[in-house]
Amino acid sequence: NGCLLQKERALHTVRYMENRDVAIRELGELIQIIMDAAKSTSKSESFVVALGNGHGSDDCQALIEEVSRKYNVPLDISLVDEAGASVWSVSKGAAQEFPNEAPSSIGAVSIGRRIQDPMNELVKIPPRSLGVGMYQHDLSEKVLEEKLQDAVIDAVAFVGVDVNTASLEILRNVPGLKGKLPDAIIASRPFYSRECLKKVKGLGPKTFENCAGFIHIGNKPDEELDSTRVHPESYILARWLLGELKCNSICTLTQAMIPEKTSEKRIALVDKAARLHNVSRERIENTIDLMMEYRSGKDPRLVLSESKVGVIKRDGSFECNAFPRNLVSDLRAFEKACPLRNIKGTIRNVTDFGIFIDFGGGR
């Protein structure tokens with residue numbers, strides 16, 4: 001199914017399984033509608049199509065490429081892991097969010113959202129439906145769920161959430177927010193500062209201290225540091241650092257203003273801050289890093305990837321390549337092309353006898 005989204009509501013679905021010619025025409029018309037709607041909000045002339053990686057994805061990709069050529073519209077196709085999308089589409093939460101949509105349309109919404117914010121979407125999926133390997137069912141479901149839950153909480157804590165836009169599922173995984181607090185937070189929106197969280201019923205000083213560093217205010221908060229991952233306990237330190245760097249606002253902070261980590265100026269700055277504010281060097285360095293992370297506008301997950309994954313370059317490009325399209329359906333050509341090297345793939349399962357890697361080719 002192809003799905004047009006406006007304000008996160010599915011408005012139109014294209015079914016292409018029965019008649020290819022009709023599907024090409026309807027999909028082309030749908031793309032034109034999206035282009036017209038996007039002209040007023042975006043300067044980009046290209047569009048991304050989220051394509052589930054399930055059965056028939058190769059045929060779907062070929063159809064989308066044909067539409068792109070026929071209508072002269074540049075389309076970037078992103079293959080998305082669709083594990084659990086169909087399961088969530090018939091869940092109670094999906095029915096509450098999309099009461100008038102068919103499960104197939106809701107599944108398409110889920111796949112599309114995984115490009116926009118995969119963490120926000122994947123927390124909704126039951127562990128048994130995440131597609132983490134054929135032997136997941138050999139494990140204790142309780143143990144598996146506990147381990148996956150710990151991984152989700154760690155991810156949410158590392159990335160942080162915008163308290164005004166985060167889903168209920170995400171808020172339930174913020175460290176420190178338990179019981180009915182996530183529901184109370186959603187009912188109390190919008191928030192214009194972290195301090196406003198203290199007015200939420202049941203959210204006391206200790207809970208605020210535990211969760212404040214993982215929650216930020218995304219859209220022009222009253223306190224500019226509330227947009228960062230800097231904990232409120234470090235605001236005085238952060239403002240002092242900005243003053244020492246001759247910067248009157250975090251919005252004007254640049255990398256050039258900050259001395260190199262190994263330089264004498266940086267060491268002197270950190271030593272002075274530690275002495276005046278009675279805090280550790282690690283906390284000072286972390287505060288500087290978090291302020292620069294905010295100014296760079298870069299997702300912390302991308303920074304982590306660049307530091308740990310060798311195939312990702314600084315400009316975001318990959319040294320590895322996608323599986324060649326001309327080999328997808330031609331087994332003989334595939335055999336002649338072997339061995340193929342530097343092909344991107346996703347590890348689906350690890351066993352005693354080998355590793356299963358999905359490289360996007362034919363099954």
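What follows is a short exchange on how some labels for this predicted model are reached.

Me: What are the ground rules for numbering and confidence?
Reply: Residues are numbered from 1 along each chain as its sequence is written, and side-chain values use heavy atoms, leaving out hydrogens and water. In this predicted model, local features need pLDDT of at least 70 and side-chain atom pairs count only at pLDDT 80 or more, while totals for chains, interfaces and linings use all residues.

Me: Why is I347 called exposed?
Reply: Its relative accessibility is 54%. Buried means under 20% relative accessible area, exposed over 50%, and partly exposed in between (1.4 Å probe, protein chains only). I347 therefore counts as exposed.

Me: What makes I347, V350, I355 and I357 a nonpolar patch?
Reply: Nonpolar side chains (Val, Leu, Ile, Met, Phe, Trp, Tyr) are joined within 5 Å, like charges within 9 Å. These four residues form such a patch on the surface, with about 400 Å² of accessible area together (Shrake-Rupley method, 1.4 Å probe; for residues, only the protein chains shown count as cover). Strands β7 (346-351) and β8 (354-358) each give two or more residues to the patch.

Me: How do you know that the charged end of K198 sits over the ring of F208?
Reply: The rule asks for NZ of Lys or CZ of Arg within 6 Å of the ring centre and within 35 degrees of the ring normal. K198 is 4.7 Å from the centre of the F208 ring. R229 also qualifies, at 5.3 Å from the ring centre of F158.

Methods:
Patches are made of residues with over 30% relative accessible area and no salt bridge: like charges are joined within 9 Å, nonpolar side chains (Val, Leu, Ile, Met, Phe, Trp, Tyr) within 5 Å. A salt bridge is a side-chain nitrogen of Lys or Arg within 4 Å of a carboxyl oxygen of Asp or Glu. Helices (H or I, at least four residues) and strands (E, at least two) are DSSP runs, numbered from the N terminus.
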